[in-house]
Amino acid sequence: MAKKRAREADGLQDAAVDSNVDKMDEDDSSDDDDFDIVNVDFEWFNFDPDIDFHGVKTLLRQLFDVDSQLLDLSGLTDLIVEQRTIGSTVKVDDKASDAYAFLTALNLAEHAEKKPVAELLLYLAEKAKSNDALSPVSDLLASRAHVGLILSERLINMPSEIAPPMYSMLADEVEAAVEDKEPYEFSHYLIVSKTYNEVASNLDQSERKKKKAKDESPLFYFHPEDEVLQKHAVAYGGFQYSKDEESVADSKRAFQEMGVKSSGFMILIEAGKFRVAVKAIGDYMSPSA
């Protein structure tokens, strides 16, 4: 696993994660599938504005899904990559490649007057008001408290085992920043994420199948760590995207007969409980020794 990164340097770290790659036998007559274990070295880097803008912006667009067009992603990306000592990118080839994943924390109060954050604050406040379970989020955003907004996203096929070291390094870096009198002394952390439900495909005209899918549609997490984080939360809950009608479930089909309907998700954690929540992620998701 990755170690704590030095704040003074890029702090390259390696973490080997066994990724099960399903390689189907090319001979269709065979009843057996060949499974190969691919050992991948993931490298952790600080953000670099000269390298990471496009990769991070692409991941932000994925995170906010159809509502990404409502936000100033370019401006938001600039703020993220300019924080060289807070947050991580994860890459495979080298530092010059695009990030496969990222995680960071922005001080919402510190950047509240900047256009990309001001727009994001309005968006999050509106979504929090749409779900009673998120009313503490709405109240906190209105108070202009020093909330650490955690933004995290990764390519769909990235192993979830990269999440524990990313969160652990973020906690370490925030603590170091506070010691250096930098503006990262948060009262709460607000994690913005996303979930999904399986829905009946529009390509399948069977009303019976559509009704069954609607009645038996559990909630799934794009980020498995969210299921752990919400256990330590003051509040958590989902919200529908503003441009939900433009989402095409059939373009995100999970299985042959099912499509995927994405929704937004927020988790609010008191800063004093964040370390415990981060440890819980590691206990739950780290590979067994």
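1. A word on the basis. This is a predicted model, in which local features need pLDDT of at least 70, side-chain atom pairs count only at pLDDT 80 or more, and totals for chains, interfaces and linings use all residues. Residues are numbered from 1 along each chain as its sequence is written, and side-chain values use heavy atoms, with hydrogens and water left out.

2. Salt bridges overall. Searching the whole structure turns up 12 salt bridges. The term stands for a side-chain nitrogen of Lys or Arg within 4 Å of a carboxyl oxygen of Asp or Glu. Some of the residues involved are linked in a network: Asp-72, Lys-115 and Glu-119.

3. Lys-194 and Asp-65 form a salt bridge, with 3.0 Å between the closest N and O atoms. Lys-194 belongs to strand E6 (residues 188-200), while Asp-65 sits in the loop between helix H1 (49-64) and helix H2 (73-81), so this pair ties together parts 129 residues apart in sequence. Helices (H or I, at least four residues) and strands (E, at least two) are DSSP runs, numbered from the N terminus. Lys-194 is buried, at 4% relative accessibility, and Asp-65 is buried too, at 13%. Here buried means under 20% relative accessible area, exposed means over 50%, and partly exposed lies in between (1.4 Å probe, protein chains only).

4. An exposed pair. If you turn to helix H8 (residues 274-285), you will find Lys-279 and Asp-283, which are 4 residues apart and so separated by about one helical turn. Their side chains meet in a salt bridge, at 2.9 Å from N to O. Lys-279 counts as exposed, with 54% relative accessibility, and Asp-283 counts as exposed as well, with 56%.

5. A partly exposed pair. Glu-270 forms a salt bridge with Lys-273, and their closest N and O atoms are 4.0 Å apart. Glu-270 is partly exposed, with a relative accessible area of 32%. Lys-273 is also partly exposed, at 44%.

6. A residue in helix H5. Finally, have a look at Val-178, which lies in helix H5 (residues 163-179). Val-178 is partly exposed, its relative accessible area being 28%. Which residues does Val-178 contact, leaving aside its neighbours within four places in sequence? They are Tyr-184 and Glu-185, where contact means heavy atoms within 4.5 Å.
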